[in-house]
Amino acid sequence: MTFVHPYDDEDVIAGQGTIGLEILDQLDDVDAVVVPVGGGGLISGVACAIKNLKPSCAVYGVQAEGAASMERAWVAGERQSLKSVSTFADGIAVKTPGEITFGMVQKYVDKVVTVTDDEVAAAILALIERQKVIAEGAGAVSVAAAMFGKLPLEGKRVVCVVSGGNIDVNILSRVIARGLAMSGRTVELGIALTDKPGQLELVSRLIAECGANVVSVDYDRTDPNLPISSCILRIGMETRDREQIELIKERLAAEGFELVSER
């Protein structure tokens with residue numbers, strides 16, 4: 001049998017480098033290319049192709065924060081090995097970057113940054129909604145870096161390489177829920193109430209006046225830190241954005257309601 005290394009192999013790197021050739025062939029005015037990074041095979045090939053044909057084009061790498069072996073190596077100037085990795089972007093969850101790839105990243109890549117899993121979830125949701133593209137976590141880190149200002153991309157023509165769509169449907173449903181919360185599209189507020197008639201009606205009316213939609217309501221009378229006549233109202237909402245959530249919180253506070261949690 002012949003072992004084919006998933007990233008630390010010159011032929012694999014050369015094959016993945018054809019993506020860089022395609023980008024320049026179709027978009028010769030591109031200013032920056034953002035590439036997911038695990039072991040470094042993909043970005044090594046892409047960066048090598050782009051930097052040799054158009055040196056002025058920036059090439060940036062992106063890793064998951066919980067598996068940032070190449071980012072740490074790039075900063076330190078030497079290969080780094082992580083004791084463990086923790087990210088749902090399993091396609092780039094690599095503890096040690098390749099020997100060949102690290103040298104090529106040092107030579108050709110302008111910067112390597114990281115994104116959180118929550119940022120990746122928001123990127124996956126944005127790709128679904130805006131582009132009708134299903135991306136796995138490893139494939140969406142490039143978009144996450146662009147969305148959350150991790151790189152100097154303002155005013156530039158940018159290509160984000162989305163490198164895969166192999167995501168389990170159960171994970172996808174959780175990612176969508178997390179992405180909605182991350183982007184301010186859903187929220188659950190915990191409100192301390194005196195347990196008496198009319199409180200829920202007032203809270204619901206204030207939320208409706210702000211334009212949000214209530215999707216869940218739960219009363220919790222078991223918190224030992226509350227007076228026996230009080231409760232926690234946990235109310236879930238569909239919202240437009242963070243600005244609307246802040247407006248709802250301000251209206252509730254103005255009416256004398258005490259907010260005790262938000263998620």
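Which residues is Thr239 in contact with, leaving aside its neighbours within four places in sequence? The legend to Figure 1 answers this; the model shown in every figure is predicted.

Figure 1. Thr239 sits in the loop between β7 and α9 (242-254). Leaving aside neighbours within four places in sequence, Thr239 is in contact with Gly184, Arg185, Thr186, Val187, Ala212, Gln244, Ile245 and Ile248. The relative accessible area of Thr239 is 8%, so Thr239 is buried.

**Figure 2. Ser230 in strand β7.** Strand β7 covers residues 230-238, and Ser230 belongs to this strand. Not counting residues up to four places away in sequence, Ser230 touches Leu193, Thr194, Asp195 and Arg221. Is Ser230 buried or exposed? Its relative accessible area is 13%, and buried means under 20%, so Ser230 is buried.

Figure 3. Helix α1 consists of 17 residues, 10-26. At 1.5 Å a residue, α1 should span 24 Å; the C-alpha atoms at its ends are 25 Å apart, which agrees. At the start of α1, a side-chain oxygen of Asp9 comes to within 2.9 Å of the backbone nitrogen of Asp11. The buried residues of α1 are Val12, Ile13, Gly17, Gly20, Ile23 and Leu24. Among the elements that cover these buried residues are β1 (32-36), α2 (41-53), α4 (99-108) and β4 (158-160).

**Figure 4. Gly20 within helix α1.** Gly20 has 0% relative accessibility, so Gly20 counts as buried. Which residues does Gly20 touch, not counting residues up to four places away in sequence? They are Val46, Ala49 and Ile50. These three residues are listed among the buried residues of α2. Gly20 and Ala208 are 188 residues apart along the chain, and their C-alpha atoms are separated by 50 Å.

Figure 5. How many residues of α2 are buried? The helix is mostly covered, with 10 of its 13 residues buried. The buried residues are Gly41, Leu42, Ile43, Ser44, Gly45, Val46, Ala47, Ala49, Ile50 and Lys51. They pack against α1, β1, β2 (58-64) and α4.

**Figure 6. The largest pocket.** The volume of the largest pocket is about 250 Å³. The pocket is lined by 17 residues, and those closest to its centre are Gln16, Gly38, Leu42, Gly91 and Ile92. The largest share of the lining, 3 residues, comes from α2. By class, the lining has 9 nonpolar, 7 polar and 1 charged residues.

**Figure 7. Lys132 and its backbone angle.** Where is Lys132 placed? Lys132 is in the loop between α5 (117-131) and α6 (137-147). Most residues other than glycine have a negative phi. Lys132 is not a glycine, yet has a positive phi of about 60°. The relative accessibility of Lys132 is 66%, and exposed means over 50%, so Lys132 counts as exposed.

Key:
Residues numbered from 1 in each chain as written. Predicted model: local features only at pLDDT ≥ 70, side-chain atom pairs only at ≥ 80, totals over all residues. Heavy atoms only, no water. Helix = DSSP H or I, 4+ residues; strand = E, 2+ residues; numbered from the N terminus. Expected span 1.5 Å × (residues − 1). Buried < 20%, exposed > 50% of the residue type's maximum accessible area, 1.4 Å probe, protein only. Contact = heavy atoms within 4.5 Å. Polar contact = N/O pair within 3.5 Å; in protein donor to acceptor, adjacent residues only side chain to side chain. 1 Å grid on protein atoms, 1.4 Å probe; cavity = no way out; pocket = protein on both sides within 12 Å on 5 of 7 lines; lining within 4 Å. Points joined across faces, edges and corners; volume = space filled by probe spheres on them. Nonpolar A, V, L, I, M, F, W, Y, C, P; charged D, E, K, R; others polar.
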